[in-house]
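Subject: Structure for you to look at

Hello,

Here is the structure I promised to hand over. Please open it and keep it on screen while you read my notes below.

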Amino acid sequence: MPAEEPPGGVRESVGIPLAEARLEADLVVPAGAAGVVVFAHGSGSSRHSPRNRYVAEAFVRAGFATFLMDLLTAAEEEIDVHTGRLRFAIPLLARRLTGAVDWVGSREELTGLPVATFGASTGAAAALVTAADRPDSVRAVLSRGGRPDLAGEALGRVRAPTLLVVGGADTDVLELNRQAAERLTAAEWEISVVPGATHLFPEPGALDRVVELSVAWLRRWLAAPAR
């Protein structure tokens with residue numbers, strides 16, 4: 001995907017100062033953005049995830065700002081490579097994602113824009129917890145091959161409309177999504193299955209289908225109010 005600056009917009013790398021860490025992030029704001037999508041990457045990944053960046057660039061072309069951040073510091077990532085523990089530390093990841101949503105809301109160029117959280121794999125649990133903890137800020141939730149089951153009791157507190165996109169061949173994760181969806185009390189939720197797709201959606205056209213479903217959900221629920 002090309003990474004040129006969006007016409008009339010902003011593309012910048014920023015550091016997010018949170019209480020317990022300073023995290024790196026990439027912000028892209030197209031001119032006239034209709035909303036902003038805050039990404040939570042999956043286990044063992046980072047803001048450089050090629051799949052999330054592919055989806056994010058498509059969102060920018062569709063008129064939405066995107067915010068991709070590292071949920072772990074460089075030192076924590078090194079620890080996680082050897083232990084695999086931090087990638088499943090959902091309270092930690094959600095706390096940092098929530099801090100990012102708060103930070104996004106303080107940015108002048110994003111003032112008044114509705115927010116969606118987008119999570120992949122374990123990041124989906126963080127996206128749901130943040131939505132539960134910030135019901136007045138998060139207007140929609142999207143999950144790509146996610147583990148919403150790891151959100152635990154927060155599932156019953158989510159009010160934002162939630163889209164769970166799962167590969168049809170990712171059978172174990174699909175079942176976990178179905179079980180988690182039964183606990184959702186969101187205004188509206190939907191499980192969309194991409195036929196034949198496995199967990200990372202590497203099949204031809206699979207990730208494009210994720211984009212298509214996600215953009216439709218964003219356009220439905222993130223119609224920006226007058227700023």
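A residue counts as buried when its relative accessible area is under 20%. Keep that cut-off in mind for strand S6, residues 138-144. Six of its seven residues are buried, so S6 is largely enclosed by the rest of the structure. Please note that this is a predicted model.

First, the overview. The protein chain has six helices and eight strands. From the N terminus, their order is β-β-β-α-β-α-α-β-α-β-β-α-β-α. Of the 227 residues, 54% are buried. The chain exposes about 9600 Å², and carbon and sulfur atoms supply 53% of that area. Now take the contacts with a separation of 6 or more. Residues 24 or more positions apart account for 70% of them.

Back to S6. Which strands pair with it? Strand S5 (residues 115-120) does, in the parallel sense, over six bridges. Within that pairing, Phe 118 has Leu 142 in S6 as its bridge partner. To get from S5 to S6, the chain passes through helix H4 (residues 123-133). This β-α-β crossover is right-handed. Strand S7 (residues 162-167) also runs parallel to S6, joined by four bridges. There, Ser 143 stands opposite Leu 164 in S7.

Next, the aromatic rings. Two rings count as a pair if their centres lie within 6.5 Å. By this rule there are five aromatic pairs. One of them is Phe 39 with Phe 118. Their ring centres are 4.8 Å apart and their planes are at 35°, so the pair is tilted. Phe 39 lies in strand S3 (residues 36-40) and Phe 118 in strand S5, so this pair ties together parts that are 79 residues apart in sequence.

Phe 118 also pairs with Phe 59. Here the centres are 5.8 Å apart and the planes are at 75°, so the pair is edge-to-face. This pair links distant parts of the chain too: Phe 59 sits in helix H1 (residues 50-61), 59 residues from Phe 118 in S5.

Together, ring pairs link Phe 39, Phe 59 and Phe 118 into a cluster.

Best wishes

Key
Residues are numbered from 1 along each chain as its sequence is written. This is a predicted model: local features need pLDDT of at least 70, side-chain atom pairs count only at pLDDT 80 or more; totals for chains, interfaces and linings use all residues. Side-chain values use heavy atoms; hydrogens and water are left out. Helices (H or I, at least four residues) and strands (E, at least two) are DSSP runs, numbered from the N terminus. Buried means under 20% relative accessible area, exposed over 50%, partly exposed in between (1.4 Å probe, protein chains only). Contact means heavy atoms within 4.5 Å. Accessible areas come from the Shrake-Rupley method with a 1.4 Å probe; for residues, only the protein chains shown count as cover. Two strands pair if DSSP finds at least two bridges between them. A crossover is right-handed if, with the strands pointing away from the viewer, the path from the first strand over the helix to the second runs clockwise. Rings of Phe, Tyr and Trp (its six-membered ring) pair if their centres lie within 6.5 Å; planes under 30 degrees apart count as stacked, over 60 as edge-to-face and the rest as tilted.
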